[in-house]
Amino acid sequence: MQTTRTPSTHAAAWKARAFAALRADSSLSVRLRRYNEAMARARSLETVGGAQ
């Protein structure tokens with residue numbers, strides 16, 4: 001059985017991933033890139049969720 005996530009729950013997961021990227025043991029440029037990519041994904045999911 002396949003579960004589905006609501007866009008807001010999925011966006012929250014991507015936000016958590018973004019904040020985890022900031023705390024990672026990587027260079028600053030890598031952490032910032034990963035944070036920005038995850039937050040962009042979260043924002044796009046929030047936009048989709050708000051349109052429904």
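1. Which residue forms a salt bridge with Arg33? Glu37 does so, its closest N and O atoms being 3.5 Å apart; a salt bridge is here a side-chain nitrogen of Lys or Arg within 4 Å of a carboxyl oxygen of Asp or Glu. Glu37 counts as partly exposed at 47% relative accessibility, and Arg33 counts as partly exposed at 42%. For these terms, buried means under 20% relative accessible area, exposed over 50% and partly exposed in between, with a 1.4 Å probe and protein chains only.

2. Basis of the note. The model is predicted: local features need pLDDT of at least 70, side-chain atom pairs count only at pLDDT 80 or more, and totals for chains, interfaces and linings use all residues. Residues are numbered from 1 along each chain as its sequence is written, and side-chain values use heavy atoms, with hydrogens and water left out.

3. Helix 1. Helices are DSSP runs of H or I with at least four residues, numbered from the N terminus. Helix 1 covers residues 7-22, 16 residues in all, and reaches 23 Å from its first C-alpha to its last. That is close to the 22 Å expected at 1.5 Å a residue, where the expected span is 1.5 Å times one less than the number of residues. Ala11, Trp14, Ala18 and Ala21 are buried in this helix. They lie on the same side of helix 1, because they cover an arc of only 70° around the axis; the arc is that of the directions from the helix axis to the C-beta atoms.

4. The second salt bridge. A search of the whole structure finds two salt bridges. In one of them, the side chains of Lys15 and Glu46 meet at 2.7 Å, N to O. This pair links distant parts of the chain, with Lys15 in helix 1 and Glu46 in helix 2, 31 residues apart. Lys15 is partly exposed, with a relative accessible area of 30%, and Glu46 is partly exposed at 38%.

5. The aromatic pair. The structure holds one aromatic pair. The ring centres of Phe19 and Tyr35 are 6.0 Å apart and the planes stand at 55°, so the pair is tilted. Rings of Phe, Tyr and Trp (its six-membered ring) pair if their centres lie within 6.5 Å; planes under 30 degrees apart count as stacked, over 60 as edge-to-face and the rest as tilted. Phe19 belongs to helix 1 and Tyr35 to helix 2 (residues 28-51), 16 residues apart. Phe19 is partly exposed at 40% relative accessible area, whereas Tyr35 is buried at 19%.

6. The nonpolar core. Eight residues make up the largest nonpolar core: Ala11, Trp14, Ala18, Tyr35, Ala38, Met39, Ala42 and Leu45. Such a core is a set of buried Ala, Val, Leu, Ile, Met, Phe, Trp, Tyr and Cys residues joined through side-chain atoms within 4.5 Å. Helix 1 and helix 2 each supply at least two residues of this core, and the largest share, five residues, comes from helix 2.

7. Leaving aside residues up to four places away in sequence, Ala38 touches Trp14, Arg17 and Ala18, contact meaning heavy atoms within 4.5 Å. The C-alpha atoms of Arg17 and Ala38 are separated by 6.6 Å. Arg17 is found in helix 1 and counts as exposed at 51% relative accessibility. Ala12, also in helix 1, has its C-alpha atom 9.7 Å from that of Arg43, 31 residues apart along the chain.
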